[in-house]
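Biologist: I'm new to this one and would like a guided tour. Could you take me through it feature by feature?

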Amino acid sequence: MSVVTVQLGQCGNQVGHELFDVICSDALEDQRKGYSTASCERFFHQTAHGELVARAVLVDMEPKVINQTICRSAKSGRWRYGETSHFSQKQGCGNNWAHGFCVHGPRHRDVVEELVRREVERCDRLAGLMAMMSVAGGTGSGVGAYITRYLRDVYPKSFILNHLTWPYGTGEVIVQNYNSVLTLAHLYHHSDAILVHENDTVHRICSQLLNIKHISFTDVNRVIAHQLGSILQPALTTDSNGIYSRNPLGELVGSLACHPEYKLLSVSTIPQMPSSSIAYSTFSWPGLLKHLRQMLISNSKMEECIDWQVQLPSASERTRTLLGSSFNTSLANLLILRGKDVYSAETGSFEDPALYSSWLSPEEAFNVWKSPVIFNKYEKSATLVSNSKALLRPLDNMLGKAWNMFASRAYIHQYVKFGISEEDFLDSFTFLEQVISSYNQL
Amino acid sequence: MQQSKAAVSVEVKQVIASLCKMLSAVGLEEVPAPETFRRAKFGAGPEEDQFWKLLSNILQTAGIVSCEAQAQFGGEHCKLVAAGLWQTGYYADWMFIKEGGGGGGGEERRCSSRELLLALGWLIAEGTLEKLVSQRVKKLDRTLFTPMPVNSQFPTRPQIDSSSLRKLQWLVGSLRHQNRILLSMQEERTHLLHAVFLASLSYPESSFEQTSAVLKEDCVCMRGLCELLESYLNWKQVEKVFWTWMGSVLDCHLTDPVVVEKAPHTLRGSAKVCHHGNRGLEKMENMLQRLPTRQKGQGRYRAFAEDRGGAEALQAGSDTSSLPHLLPSLSTLHTFPQVYRARLQTIVLVKHSSRPTDGPCGGAETTDELPASQATQLLLQMEALLLQRRDTQRLANRMQMQEVVSRQEDLVLIPP
């Protein structure tokens, strides 16, 4: 069972590279054959000389990042990208979603599809496709949304997971909110689940938890890759009977995103610390899980700023105050535990019905995966993938800012000239408003 | 013209051959040869036994006739077949003659192989074939997943509120995902099977045989399965020809009824004449007793005939041959099942208008529609008539019984 990754745009390619790096080093480090075989089969194929080649397709409209990425992977000596599994053009999208979606996407559709098809045919069995992109720029978001739609048509039975990197709130690109709104609204129709990392959050993790002084994109991407890797590496699910799960994306989507209106997944991992401190730290499962649970209900993505005041609402409170409480209701949660003594970890605290919506019981809403293998040097590590209200606020902010710009018709002509009309904008706004209202009702 | 006819007959033969092939692939024993089918179309002959066996085989294998019933009937194919056909909703005259006839004169009441052929057609049209195929597939494909009965408790009256709706949407989504996971598992299984197959090819034959008896057994099953599915596919492609031919058999049956005890071709074109001689009256009494059930069977039979596009005048033909003395009022009874079903009525109207001289039924079909009030009246009349007949019959039966009893009383039993 293999996953084919499609890396789109600058961000997608860089995060993708870090992800493969983490997965490869983790898989090769471990001595247990079953784990590393499963991991390698999932993300790499082996050449006749025994080299590991990533099951990935690299797409960008500018050649620079792809060339860098390919070079760096080749230099690592442990794995590399396929020699012909990348596609780039000379001219980018200029941070214009419409340019990517309406021009570059359709124009290069067939080439990209051919590259993906080749990778898919190399798999004994395809577990699904993972598209990685940012939502702010033009290539990742515009071409990415188009390619996702197209892949959905070509592989109707496969699982498609989109990994999105949300931009800094303060702004990298003036039209990032437009691009984000359009991307999200389009992906929501075609993707099975949308896994989100916010740059702001990851940046804070880098500065506060990892104590990095001058934070580069590589640092940010490494954190994202660590969290993603801990989700995607082999694990034992409840019904896998001691064998590593064969269908990671299917199980992930099936346990978290069955409802068509709720597809946004957020991730939090614990512990995260500078690699120099890891050796001097000890963790206990009850402690880690207690923190993680409080992070979930108080909606904090970091151990450092957990609000311990937030409590589970009682039944009566729940009916009274639907909005405004700081309590973060979940629709579904997936807890992934990796490391020593994992079977002794007690996860009952996540099965409290008060954590979840009234219409889904904890048995359906909560799942645990476990793996006794130490992940990325952390003796014990817990990751929580949550389909909850956590992303409601950033999404609402993004939508609000985009709406304000749209109300004054700022930059709209840049989109109209490539074929995205004001109606398309309005459709996307309406759709995301619906998503927000659905999450609000949890 | 001659040539095309010959071509058609060759085609029919092939089609019947494919049917036979499938019947044997399904696991039935003693399937008649295609030629036997052709001869059966023309009535009496030595083919009957084969058809009796085939029909009883089908009915038993499909589970229409239970094992107990089988044991009860012993070796008598005829009774078993009649009972089985009756359960599938088939009606034909011969079934009742047998039943009513009792022990004596069995030879006289034999039915022609054409009738049995028609019965076979009915069974096929009824979907028995599909039942047999799926049964066989279940037996051959051991990896087939038989769904476990899930005892899910649903509220008797579904609640229509937003949270139930959301829950429902979630469950539907979950099902969809599981379906996809299952599909991909199936793909993987195919991959692995292929790998096993390739590996088995590379081994020398003898070691393969020794090491994997199970695999070999599986292989035989798989081959059987492939054969079965292929023959079913073939049959499905040419089925139409078979039904056209079956239509001609039915035509043949209606215009040219075979009477086993007499020479088969002497009655050509005499559908309206009672050819049962003195037995006509007795038969009519018999029929009257069974009238309510008979209507049901006939209704279905008619639908069957229409489905297959053959033999328009089924009703007229069979009625005139079997019930020549029915009163006009009774004949209207036969149009009643159609009154409730607009489709049937129009078809029947067309049918009759194309053959206006057929049978006593033709007279009743003078208007296009029957008003409800009139229909009620007619039905009431009919009821009165039937009740009257029932009473008469009861009386007659009672008299007969008394007579028998009185005769019994005269007997003196002498102990040995």
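Biologist: How much space lies in the second largest cavity?

Modeller: Before anything else, keep in mind that this is a predicted model. A cavity here is a space where a 1.4 Å probe fits but cannot get out. The second largest cavity holds about 80 Å³ of space, and the count of cavities of 30 Å³ or more comes to six.

Biologist: Which elements give two or more residues to the lining of the second largest cavity?

Modeller: Those are β9 (193-198), α7 (199-209) and β10 (264-270), in chain A. Among the lining residues you'll find Val196(A), His197(A), Glu198(A), Thr201(A), Ser266(A) and Lys301(A). Sorted by class, the lining has five nonpolar, four polar and two charged residues.

Biologist: Let's turn to burial. Why is helix α9 (residues 248-256) of chain A called largely enclosed by the rest of the structure?

Modeller: A residue is buried when its relative accessible area is under 20%. In helix α9 of chain A, seven of the nine residues are buried, so the rest of the structure largely encloses this helix. The buried ones are Pro248(A), Leu249(A), Gly250(A), Leu252(A), Val253(A), Ser255(A) and Leu256(A).

Biologist: Next, the backbone. Which peptide bond is cis, with omega near -10°?

Modeller: As a rule, most peptide bonds are trans, and most residues other than glycine have a negative phi. The bond from Ile270(A) to Pro271(A) is cis. You can find Pro271(A) in the loop between β10 and α10 (275-278) of chain A.

Biologist: What about phi: where is Asn299(A), with its positive value?

Modeller: Asn299(A) has phi near 55° and sits in the loop between α11 (285-298) and α12 (315-320) of chain A. At a relative accessible area of 32%, Asn299(A) is partly exposed. Tyr411(A) also shows a positive phi, near 60°. Look for Tyr411(A) in the loop between α14 (392-407) and α15 (412-416) of chain A. Tyr411(A) is partly exposed too, with a relative accessible area of 35%.

Biologist: Now for charges. How many salt bridges are there over all chains?

Modeller: The general idea is that side chains of opposite charge can pair when their charged atoms come close. Over all chains, the count comes to 26 salt bridges. Take Glu83(A) and Arg80(A), whose closest N and O atoms are 3.6 Å apart.

Biologist: Which salt bridge joins two chains?

Modeller: Glu187(B) and Lys157(A) meet in a salt bridge, 3.6 Å from N to O. Glu187(B) lies in helix α9 of chain B, and Lys157(A) in the loop between α5 (139-154) and β8 (159-166) of chain A, so this pair joins two chains. Both count as partly exposed: Glu187(B) has a relative accessible area of 41%, and Lys157(A) is at 45%.

Biologist: And which pair links distant parts of a chain, 13 residues apart?

Modeller: That's Glu422(A) and Arg409(A), with their closest N and O atoms 3.2 Å apart. Glu422(A) is in helix α16 (residues 422-440) of chain A, while Arg409(A) is in the loop between α14 and α15. Glu422(A) is partly exposed at 29%, and so is Arg409(A) at 41%.

Biologist: Which residues are joined into one network by salt bridges that share partners?

Modeller: Glu41(A), Arg125(A), Arg246(A) and Glu188(B) form that network.

Terms used:
Residues are numbered from 1 along each chain as its sequence is written. Chains are lettered from A and ligands numbered from 1 in the order in which they are written. This is a predicted model: local features need pLDDT of at least 70, side-chain atom pairs count only at pLDDT 80 or more; totals for chains, interfaces and linings use all residues. Side-chain values use heavy atoms; hydrogens and water are left out. On a 1 Å grid over the protein atoms alone, a cavity is a set of points where a 1.4 Å probe fits but cannot get out, and a pocket is an open set with protein on both sides within 12 Å along at least five of seven lines; lining residues have an atom within 4 Å of a point. Grid points are joined across faces, edges and corners, and a volume is the space filled by probe spheres set on the points. Helices (H or I, at least four residues) and strands (E, at least two) are DSSP runs, numbered from the N terminus. Ala, Val, Leu, Ile, Met, Phe, Trp, Tyr, Cys and Pro count as nonpolar, Asp, Glu, Lys and Arg as charged, and the others, Gly among them, as polar. Buried means under 20% relative accessible area, exposed over 50%, partly exposed in between (1.4 Å probe, protein chains only). A salt bridge is a side-chain nitrogen of Lys or Arg within 4 Å of a carboxyl oxygen of Asp or Glu.
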